[in-house]
Amino acid sequence: MKKKIWKIDSLQEFRELNKDMFKEHIATYKKLENGNDCIIDFRKPNTKEEWFRFIYIDGVLNINSDYGYAIFNWYNRNNHILAYLNFKDIGYIMGKCVASKDDDVKGFNIDYFHEEFENFIQERKEEGYIPEDEEFSIPYCEDENDVINHFKHCGDIYGDDIWETGAFKFGTFLNVRPFIWWHGLHTAIEQLDAKNIFEDKK
């Protein structure tokens, strides 16, 4: 994937850019005893790598995989796993994430921080918060904590509404793993659906 992850606007775009990511994977489905509970395994044959196990119990989706783990909850135990094909807004999806490792879902890139900071300064000048002729050096920030500390201690030089600008998140983006999780889940469900595994739910 040549496009930077923070430049990708949607799950749909990620899937289109990575159509062949799971072309060799095979999905298997196991219906559990209660309601819509099930387990979907999604694996590439002849390897122990690049695997997924989606465990759906009582309306809670557990994603275990070679790409990390996460738990999502829509608080609706009546949802069938097929309903998850309708969830395509990655921002909305991540709003339902109740457990994950920070490193799996968040990333930081210095070049991206520089880009956002420069755009921010230009916008502040255009909006009249800072003088047009004032020069600003890009602050040295290696990670999200550096960015937060910079704007926490020096934010007043950019205008008194700094807390409302989103500057504290400059350089931070949604990591690639959530895109991979949901690309994998959608691909697995689509594969099973094509085999009429869920025919009784249509």
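Visitor: In β5, which residue is the bridge partner of Ser65?

Guide: This is a predicted model, in which local features need pLDDT of at least 70, side-chain atom pairs count only at pLDDT 80 or more, and totals for chains, interfaces and linings use all residues. Residues are numbered from 1 along each chain as its sequence is written, while side-chain values use heavy atoms, with hydrogens and water left out. Strands (E, at least two residues) and helices (H or I, at least four) are DSSP runs numbered from the N terminus, and two strands pair if DSSP finds at least two bridges between them. Strands β4 (residues 60-65) and β5 (residues 68-73) run antiparallel and are joined by six bridges, and in β5 the partner of Ser65 is Gly68.

Visitor: In the hairpin of β1 and β2, which residue takes a positive phi?

Guide: Six bridges join β1 to β2 (residues 38-43), the two running antiparallel, and Lys31 has Cys38 as its bridge partner in β2. Six residues lie between these strands, and the one with a positive phi, near 45 degrees, is Gly35.

Visitor: What does the twist average from one strand to the next?

Guide: The open sheet has six strands in the order β1-β2-β3-β4-β5-β6, with antiparallel pairing, and its edge strands, each paired on one side only, are β1 (26-31) and β6 (97-100). With axes taken as lines fitted to C-alpha atoms, for helices over the stretch in contact, and angles running from 0 to 180 degrees between N-to-C directions, the average twist is 15 degrees.

Visitor: Which elements do the buried residues of α4 pack against?

Guide: Helix α4 covers residues 110-126, and its buried residues (under 20% relative accessible area, with exposed over 50% and partly exposed in between, for a 1.4 Å probe and protein chains only) include Tyr112, Phe113 and Phe117. Taking contact as heavy atoms within 4.5 Å, the elements that these buried residues pack against are β7 (106-108), α5 (144-154) and β8 (172-174).

Key. Expected span 1.5 Å × (residues − 1).
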